[in-house]
Amino acid sequence: MLKNALLTVIFAATFTVCLSQSNSRITLNLRESSFETLALEIEKQSPFHFFYKKEWVDSLKFSVTANNEELESVLTKAFNGTTLRFSIYKTSVFVTSERSVFASLPTDYFDTQKRATQRITFDYSDYEKQEKKQRSIEEKVYTIGISDGNPNGNATISGSITDMNSGEAIVGASIVLDGGSNGTVSDINGFYSLVIPKGKQSITVRSVGMKTTKRKMSVLGNGKLSIELEEDVKPLKEVVIESDRDEKVMSLKVGSEKLDIKTMKQMPSVLGEVDVLKVVLTLPGVQSVGEGASGINVRGGATNQNLILFNDAVVYNSTHLFGFFSAFNPDILKTVELYKSGVNAEYGGRLSAVLDVASREGNLKKFTASGGISPITGRITLEGPIKKDQTSILVSGRSTYSSWLLRQIDSREFNKSTASFYDANITLSHKINDKSSIQLSGYTSRDQFKLNSDTLYSYGETNASLKFKRVFSNKLYGIFTGTYTDYGYEVGNEEIPQQANNVRFGIQQVNGKADFNYFMNQRQTLTAGLQVTHYRLEPGSRIPTHPESIVTEKILEQEQGHESAVYVGENYEITPKLSVYGGIRYSFFQSLGPKDVYLYDSEVSRSQQSIFDTLRISRGKPVATYHGAEPRLSMRYIIGKNASFKLSYNRMRQYIHMLSNTTAIAPTDIWKLSDRYIKPQVGDQIAGGYYQSLKGGSLDLSVEVYYKWMKNFLDYKDGATLILNEHIETDALNAKGKAYGLELMLKKPAGKLNGWISYAYSRTFLRTVSLNPVETVNDGKYYPSNYDKPHAANFISNYKFNRRFNFSLNFTYSTGRPITIPLAKYSINGIERTYYSARNEFRIPDYFRTDLSINIEGNHKIKKLAHSSWTLAVYNLTGRANVYSVFFINEGQEIKGYKLSVFAKPIPTITYNFRF
Amino acid sequence: MKACINKISYIATLLFLSACIEPFDPPVQNKDVGFLVVDGYVNSSNHTATVRLTRAIPLSSTSDYPVVATAHVSIENAEGVKIPLIHNGDGLYSSTSPLFVTGKEYRLLIQTTDGKQFQSVVITTKPGASIDSVTTDVEEEGINVRLSTHDPSGSITYYRCDLVETWEYHSAYSSNFEFINGRLELRKFDERINVCYKTEASSAIATASTLDIEDNRISGHPVIFLEKLSAKLEYIYSVEVSQYSLDKAGYDYWEQMRVSSQTLGGLFDPQPARIKGNISAIGSDEPVIGFFDGGEVSRRRIFIRNRELPPEYQRYRPDPNCEELFADPVEALRLNGQLITSAVYEGIALIGYQYTTIECADCRTKGGVLAKPSFWP
């Protein structure tokens with residue numbers, strides 16, 4: 001209403017001034033002249049004086065011929081075809097760009113009462129300044145490129161999308177040509193490239209939680225345009241996740257999910273912290289063996305078959321405290337991307353899935369601090385510019401005080417127990433110039449626990465990555481990355497001096513890679529790259545730590561290996577409906593000496609007794625060499641307006657294996673490189689999907705199916721010793737795996753009520769392959785793997801009452817995991833024993849959980865010292881005793897089964913988060 | 001229950017006691033679980049082979065293990081000579097023969113009356129090493145019994161021990177009277193029923209390997225732990241340690257047995273497994289439980305006397321379920337299922353008797369025997 005009234009007033013004003021204009025005649029003949037020339041010419045011939053904004057006119061050219069004409073007609077001719085308007089008042093000529101006149105004023109400009117009250121919460125001068133700045137940017141017409149004389153045809157514009165406040169790259173922003181069908185999405189580095197027709201164009205840029213902005217441009221040739229987006233602090237009536245609306249349907253990716261930290265923050269969390277892995281677990285096709293168990297199982301893959309990357313560095317231990325916390329501090333995360341299938345050729349080295357976690361770069365504009373305090377952990381992040389708009393630093397730390405809590409419990413059992421962790425991050429980003437930037441990021445973490453014994457377990461991981469980005473041209477950019485990962489654990493036992501010892505394991509890897517992205521043309525993008533990884537493993541050592549200790553020192557020989565890969569991939573839009581991605585990765589692995597290799601009698605099953613010779617491989621010589629091609633294919637076909645069908649096939653090879661015969665990832669699990677006997681794991685997956693956006697994009701439906709084959713999966717002989725075993729090949733079994741499933745997901749990405757419902761039917765089986773009956777499990781038949789949970793469903797909902805209250809309710813259901821249980825008892829030598837079922841013949845009861853959380857934001861003054869929020873969450877609201885594990889105890893004459901539930905009652909947490 | 005607490009604390013410590021434990025009934029009650037259970041050993045020290053045949057029962061069953069008394073059992077040596085084993089009752093088959101010697105190959109053959117045939121793999125009887133010492137370490141929480149041995153020849157890498165424990169215990173009260181022909185009479189000294197001896201095979205499996213140890217020596221390897229206030233330590237406790245040599249297959253088997261009997265399938269435990277013995281059914285995949293092995297056996301017995309232990313071990317261990325009640329002489333005669341402990345006098349007048357339950361005055365109700373073992377000091 002108000003706006004209309006305002007328009008009327010201004011139109012009326014314009015009309016009156018037009019009537020009262022003075023009479024001066026002008027003669028002109030201008031061709032492709034600037035506005036300044038035009039104005040100067042008129043001012044020379046007449047008393048008129050021009051008032052205008054430079055941004056509105058500086059990229060426009062005017063051609064006009066006038067012979068003793070009135071100013072009004074001259075300007076009408078000159079401005080024809082532009083958005084410029086003019087008003088003449090006495091001798092003043094006001095040149096405006098029509099839209100800006102009306103829109104740049106605050107909507108309630110004339111409502112003084114309202115304005116007065118709003119001044120309390122809104123600093124208008126500041127707000128207006130920012131608004132005006134934004135307007136002037138939006139109104140400006142950017143000239144792109146240099147004309148090659150041909151005004152027709154297409155040109156490529158490229159650049160980066162960044163956050164105006166922090167200067168950080170924005171991933172997944174959509175850049176769409178207005179009035180056209182062309183569009184693209186900014187990549188992981190905020191980089192985009194778009195082919196558009198030459199001439200006057202405008203584009204619209206949208207991103208989650210950011211204000212939508214437009215850019216006008218006059219495109220002469222290929223050129224660069226970087227765009228800053230402003231954080232949207234105003235109430236949004238429209239949809240929140242607009243940019244992702246069509247991505248699922250349009251993109252080529254099958255079985256991939258992208259989560260931004262804003263989505264994750266809305267979900268209820270146990271123990272008061274946003275947890276990446278817990279959120280990922282609510283996606284269809286992702287499972288864990290139980291609450292508080294480390295590691296995720298993606299589409300029937302083992303926990304060690306996921307490539308987890310943090311700023312491109314491989315992460316070996318993704319959780320703290322047995323999985324109750326993920327290793328990633330939520331405050332510094334930017335995006336998390338999970339690929340369950342359709343993995344592009346740049347990723348490799350693990351069989352099952354890729355979880356790519358990227359941290360923020362740090363605020364380039366001003367210093368800020370954020371953090372949170374919950375009953376168990378505290379965390380803080382500091383960030384800011386070292387040099388404004390060019391160099392930023394981000395430092396964060398997180399620690400737990402649970403050891404302190406344990407000591408408060410009045411029990412001898414608990415007093416002897418300790419458990420604690422910390423992690424710290426640092427990221428330094430530097431923009432060298434428009435075309436180059438460099439980022440250094442470091443991460444370190446340490447966990448320690450001692451549970452009711454004198455054995456102290458500790459493990460830690462340190463990662464570092466150095467990334468150099470360079471835009472070579474608006475079609476080609478390259479990223480050069482070096483990463484380093486160091487993971488290790490230690491188990492110290494001091495209980496009995498005679499047995500005092502310290503067992504250690506360690507792994508280091510150094511990785512270098514170069515990735516190139518080439519926008520060939522509007523329909524083709526080429527990616528290619530090269531990766532080299534060097535591994536060094538300390539497979540285990542045991543050192544006596546007391547002079548009386550009779551434990552002998554044992555240090556297994558180091559292992560080292562090289563893994564390298566080259567890849568090339570191409571995105572090709574064959575027709576607007578049909579796009580394909582084809583990629584191939586060729587990986588090459590060598591396990592290197594120095595190393596002793598045992599040679600076994602090939603007639604019998606491998607054992608210490610069947611060693612007949614030892615081969616000494618000298619330094620740098622290959623112990624074993626493996627290589628192979630890994631084809632990656634994806635295809636998308638758009639059906640109708642809002643639906644698409646996709647197919648993908650990929651093969652993955654894995655040269656490093658986790659040795660574990662426990663169900664969950666245990667802190668004492670060790671890793672092993674492929675060698676003469678441990679063959680690389682190879683996995684093939686075909687996946688297909690149907691995607692549809694319903695109700696004008698407010699609902700996304702996806703249906704995905706997959707089938708997977710796995711080869712050289714590692715399984716173990718019963719009772720195998722994995723730690724400090726120098727001939728693990730005598731205990732390892734070679735298994736084959738297969739997995740298949742169906743995943744359904746209905747997502748409402750935006751609106752007051754948003755969230756998703758998902759269901760997955762998935763099966764996964766293993767089969768040991770050996771001629772020797774001792775080396776087979778379940779007589780060589782297929783048996784369900786530990787994480788085979790056929791049915792899983794999630795309901796994730798989030799309701800925004802208003803800007804400050806946000807309510808979230810989730811339900812999770814899954815079939816119980818398979819277990820091996822005792823069937824019968826018998827007696828030998830007067831001692832009662834139990835006889836077990838076939839492996840994984842039975843299941844624990846089904847899992848069901850309800851969580852709730854409420855987010856309360858502080859007030860929304862932009863200018864105030866600290867922004868704070870409270871999160872109240874209740875994990876397992878109904879207190880259902882979900883079974884985590886089943887165990888059996890001898891009680892008198894009977895063997896009784898018990899089920900253990902971890903979170904058997906509701907767990908309320910309250911977390912205070914702040915930012916200033 | 002201790003193991004259970006450990007397992008729980010493993011996780012619960014992190015969860016601030018929110019964990020919960022409830023009974024779980026495995027869904028397998030109806031399955032036929034009466035598998036044949038074989039325990040066979042050729043003791044080449046005394047040239048005797050013994051095999052015990054029983055059957056498995058469901059977990060919830062409290063009945064005895066059924067014995068297999070009617071099978072044909074024999075042991076075949078490398079020359080093809082079959083030495084039959086004779087059933088001596090209680091499912092125990094045995095035979096003594098000069099053919100059972102160290103370093104030879106043997107195979108166990110079994111045929112049950114339902115016509116099923118079973119056989120073991122071929123095993124070799126192994127030389128033994130004599131036990132150097134069995135020592136005790138009295139610690140704050142209890143007593144650790146430790147074994148030391150060594151093999152000068154260096155041919156033995158793996159060992160297993162089994163333990164037979166015997167201990168003296170007393171009932172809460174001693175019954176000094178008994179009914180004889182409806183009359184109460186003083187019980188004779190050698191007919192007392194308050195002191196018993198209980199002998200039990202220990203379920204603890206101790207395996208050891210000298211693989212990682214200097215000069216093939218096992219030094220102070222813990223074989224059993226006795227808790228400080230255990231009823232076994234109230235008077236005199238004795239344990240006989242039998243040490244067997246093992247090959248790798250035997251060690252793997254017993255290691256698996258040890259691991260699976262201590263951990264019953266927690267999340268961080270190794271997968272419990274159906275432990276395969278070295279006996280199989282001929283011509284069917286019917287499961288057979290058990291292991292057949294052989295070799296020389298070395299034994300050693302030790303005694304632990306309560307009065308020689310530190311004072312905190314010598315605490316009186318009252319039975320909270322037992323109490324003495326009073327009955328007048330007439331009532332006393334009508335007492336049923338009770339035992340008279342002592343007579344109560346006022347001055348010289350008998351005014352009644354103290355009595356208690358059978359469980360509190362007859363030690364045999366707790367599973368022991370009155371007869372003192374021959375080896376008892």
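Biologist: What percentage of the 916 residues in chain A do buried residues make up?

Modeller: In this predicted model, chain A carries 12 helices and 57 strands, and among its contacts between residues at least 6 apart in sequence, 65% join residues at least 24 apart. Of the 916 residues in chain A, the share that is buried comes to 43%.

Biologist: And what percentage of the 377 residues in chain B do buried residues make up?

Modeller: The secondary structure of chain B consists of four helices and 25 strands, and residues 24 or more positions apart account for 65% of its contacts with a separation of 6 or more. Of the 377 residues in chain B, the buried share is 36%.

Biologist: In what order do the five strands of the open sheet in chain A that includes E6 lie?

Modeller: The pairing in this open sheet of chain A is mixed, and its edge strands, each of which pairs on one side only, are E6 (141-144) and E9 (183-185). From one strand to the next, the twist averages 25°. The order of the five strands is E6-E12-E11-E8-E9.

Biologist: How many bridges join strand E11 of chain A to strand E12 of chain A?

Modeller: E11 (residues 199-206) and E12 (residues 213-219) of chain A run antiparallel, and Val205(A) stands opposite Thr213(A) in E12(A). The two strands form a hairpin with six residues between them, and Gly209(A) in the turn has a positive phi of about 75°. The number of bridges that join E11(A) to E12(A) is seven.

Biologist: Which residue in E5(A) is the bridge partner of His49(A)?

Modeller: Three strands of chain A form an open sheet in the order E2-E5-E4, with mixed pairing, and its edge strands are E2 (49-51) and E4 (84-89), each of which pairs on one side only. The twist in this sheet averages 25° from one strand to the next. E2(A) and E5 (residues 92-97) of chain A run parallel and are joined by three bridges; in E5(A), the bridge partner of His49(A) is Ser92(A).

Biologist: Why do the buried residues of H4(A) line one face of the helix?

Modeller: In helix H4 (residues 71-79) of chain A, the buried residues are Leu71(A), Val74(A), Leu75(A) and Ala78(A). They pack against strand E1 (25-33), helix H2 (35-45), strand E3 (62-70) and E4 of chain A. Seen down the axis of H4(A), its buried residues line one face because they fall within an arc of 90°.

Biologist: Is Asn311(A) buried or exposed?

Modeller: Asn311(A) lies in the loop between strand E18 (306-310) and strand E19 (313-314) of chain A, and although it is not a glycine, its phi is positive, at about 50°. A residue counts as buried if 20 or more other C-beta atoms lie within 10 Å of its own. Asn311(A) has 26 C-beta neighbours inside 10 Å, so the residue is buried.

Biologist: How many other C-beta atoms lie within 10 Å of His47(B)?

Modeller: His47(B) is located in the loop between strand E2 (36-43) and strand E3 (48-55) of chain B, and its phi is near 55°, a positive value in a residue other than glycine. His47(B) is partly exposed, and the number of other C-beta atoms within 10 Å is 15.

How values were computed:
Residues numbered from 1 in each chain as written. Chains lettered and ligands numbered in written order. Predicted model: local features only at pLDDT ≥ 70, side-chain atom pairs only at ≥ 80, totals over all residues. Pairing = 2+ DSSP bridges. Axes fitted to C-alpha atoms, helices over the stretch in contact; angles between N-to-C directions. Buried ≥ 20, exposed ≤ 12 C-beta atoms within 10 Å, placed from the backbone. Arc of directions from axis to C-beta. Contact = placed C-beta atoms within 7 Å.
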